[in-house]
Amino acid sequence: MEGTIGLSAIDWCIVGAYLVGSLAVGVLVTGKATANRESYFLAGRNLPWWWAGASIAATTFAADTPLAVTGIVASRGLSGNWMWLSWLGVHAIVVVYFARRWNRAATYTDAELVALRYSGRLVEPLRLARAGLYGVVYNCIILGWVLRAMVKIVSPFFRWEAWFPSAMGTFASHWPSGSTLGTASDAVTIMALLAVVAIYSSMGGIRGVILTDLVQLALALAGSVWFAWLAWAKVGGRRGLVDGLQNQFGTNHAKLDLFPWRDAGWLDALGMGAFAFGVYLLVQSYTNVPADGGGYLMQRLNTTKSPRDAQRASLLFLVLQYVIRVWPWFVVALAALVLIPVGEEASVFGGAAASVGADRELAYPVLMGVLLPPVGLGLVLASLLAAFMSTVDTHINWGASYVVNDVFLRMRPDASNASQIRVARLTVLCFAVLAVAVSFTIDTIEQAWQWVAALGASLGVPTALRWFWWRVNAAAEFGAMGFGLLAGIVAYVFLDLPYEYALITISSASLIGVLAGVAFGEPTSAETLRTFVEHVRPKGFWPGVSLGSSGSMLGGVALRWLSLVGGTVMLLVAGHAALLLGESLTALAYATVGAALVWASTHDRDFEGETA
């Protein structure tokens, strides 16, 4: 980014206080975190449910999230955000079905579930494959991507070359030009933040991570709301925003549309009808979020005291994710289009927005420097640092849990608690180093993301079905991987299909692989199935197990899922009507019905009276 943004002394004090506080948390909870593996990775399974729910929300708010939303709104309007809002479907099924069952399964990682759910010679290879995929490959790609995105945020604020010209001159002379970690100054900032995260994460375990996440989420919400308020006022409120968008894009623009049914410049470009687009959003949701919620979400849910608390935690996260914190991002993104008009970036704010012309995501940090006063700027910058750190601390702790639980203890089952904690801490530090190493290959990360997405599309079907149908086995998961990857090679290499169509193709092929594994693979033993059903209480098709589970009961799950999805969407629409359309009565009606549907969705008779 061209230019820099000066911070006042009070702003630096806010940032410094936050960083010191994060380190202090790690030190203070070290004793509780290092008693054993359960305390380090699951905090003894006794945390309050709202801690876990807020922590999940903090993790999913990466530093680049508001920047990404700003770029999406600029190119596709509000409706473009359904690319990630579609994840609501997966997170809703976690609330109504998986949350309680993950807590009952009481596993350390999602890979460990393989040993609880399946039997036979393929169990250990499958467990190792899942641990390698999600614990190492997936984690490192996310960390590399987050580090790269952080460069956009730190560049305007941290100027190490001006503060320490002699030392930085020497370092910069050895720093590779064109690095994806930015300049030498950017790299120093990011590595310093990584060091802070690695220290408090390795010392405090998941308890330290979650406690810092609570502060990080509070900062992130406060900072984004304050920033949105200032942007809203600067643009002239609702009337100024509507008039400004019409002046720039015409009266028939779709920037304010919440749904993509009108031409928003991207749905038509895909050449998809409404049905095909809906199928794509479904596949895309469990490509980015595992169909049962996945590992780090499972880890947070298993830190709570009971299945009911796990469900409450997942519901809190869902409301925070899709109803509350989206609006500050949307407001700033829309205001940025008016305050920094497309094509006129170099002429506004004295040239401070010139770099936005090449990358509309940069409108977010530019407006931060222009609109926020002292204290406000420090708060919002600290909130973005917090968002970055909350994502990194989760992934390095989560990654370490795979290494200890699914690799180290398979080789050394008699390892002492002290040995397990040492390996966990060493792995946390290794993941921090790996994050930097992966970020240097960021030029090829998009290709890597496509293959990770292909794996996600491959595993989505068996990941969901194994919770509902006894016949799914380890061979079915391997069959899904094999057929899905083969379809991915054909789709990407030979047919050169667009990403959206490739995902649908891969997911369809993986279903064939599942059926092949079911038909030709070794069925799971009756004893393993009985143990799984007694522990987890799944619904669906489990013959010979008398826990009241049957295919007909899936109708109740489906109704509660539809109720939660519909209620959440109504609450989202209520915010749209109130804020952007000025329709108060309409907003109240949607909010009332939406809240009732959300409340009704969480009642599961299978768990009535259960407290543990």
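Figure 1. Arg127 has a relative accessible area of 5%, so Arg127 is buried (buried: under 20% relative accessible area; exposed: over 50%; partly exposed: in between; 1.4 Å probe, protein chains only). The closest N and O atoms of Arg127 and Asp406 are 2.7 Å apart. A salt bridge here is a side-chain nitrogen of Lys or Arg within 4 Å of a carboxyl oxygen of Asp or Glu. The pair links distant parts of the chain: Arg127 lies in helix α9, Asp406 in helix α20, 279 residues apart. Helices (H or I, at least four residues) and strands (E, at least two) are DSSP runs, numbered from the N terminus.

The model is predicted: local features need pLDDT of at least 70, side-chain atom pairs count only at pLDDT 80 or more, and totals for chains, interfaces and linings use all residues. Residues are numbered from 1 along each chain as its sequence is written, and side-chain values use heavy atoms, with hydrogens and water left out.

Figure 2. The side chains of Arg410 and Glu124 meet at 3.0 Å, N to O. This pair also joins distant parts of the chain, with Arg410 in helix α20 and Glu124 in helix α9 (residues 123-154), 286 residues apart. Arg410 counts as partly exposed at 43% relative accessibility. Glu124 counts as partly exposed at 36%.

Figure 3. Glu38 forms a salt bridge with Arg45, and their closest N and O atoms are 2.9 Å apart. Glu38 is partly exposed, with a relative accessible area of 28%. Arg45 is buried, at 18%. Elsewhere, Arg130, Asp292, Arg466 and Glu477 are linked in a network of salt bridges. The count of salt bridges comes to 11. Side chains of opposite charge can pair when their charged atoms come close.

Figure 4. Helix α27 (residues 584-601) has 18 residues and should span 26 Å at 1.5 Å a residue; its end C-alpha atoms are 26 Å apart, which agrees. The expected span is 1.5 Å times one less than the number of residues. Ala587, Gly594, Val598 and Ser601 of α27 are buried. They cover an arc of only 60 degrees around the axis, which puts them on the same side of α27. The arc is that of the directions from the helix axis to the C-beta atoms. On the other side, Leu585, Leu588 and Trp599 are exposed. Cover for the buried residues of α27 includes α7 (88-105), α17 (307-324) and α26 (554-581). An α-helix has 3.6 residues a turn, so residues three or four places apart point the same way.

**Figure 5. Helix α17, mostly covered.** In α17, 13 of the 18 residues are buried. The 18 residues should span 26 Å at 1.5 Å a residue, and the end C-alpha atoms are 25 Å apart, which agrees.

**Figure 6. The surroundings of Leu193.** Leu193 sits in helix α12 (residues 184-235). With 4% relative accessibility, Leu193 counts as buried. Leaving aside neighbours within four places in sequence, Leu193 is in contact with Leu19, Met150, Leu385, Phe388 and Met389. Contact means heavy atoms within 4.5 Å. Leu193 and Leu385 are 192 residues apart along the chain, yet their C-alpha atoms are separated by 8.1 Å.

**Figure 7. A nonpolar surface patch.** Leu486, Ile489, Val490, Val493, Phe494 and Leu495 make a nonpolar surface patch of about 590 Å². Patches are made of residues with over 30% relative accessible area and no salt bridge; like charges are joined within 9 Å, nonpolar side chains (Val, Leu, Ile, Met, Phe, Trp, Tyr) within 5 Å. Accessible areas come from the Shrake-Rupley method with a 1.4 Å probe; for residues, only the protein chains shown count as cover. Val490 belongs to helix α23 (residues 474-494). At 33% relative accessibility, Val490 is partly exposed.

Figure 8. Ala106 is not a glycine, but its phi is positive, near 60 degrees. Ala106 lies in the loop between α7 and α8 (113-117). Its relative accessibility is 30%, so Ala106 counts as partly exposed. Val375, also not a glycine, has a positive phi of about 80 degrees. Val375 is placed in the loop between α19 (363-371) and α20 (376-411). With a relative accessible area of 36%, Val375 is partly exposed.
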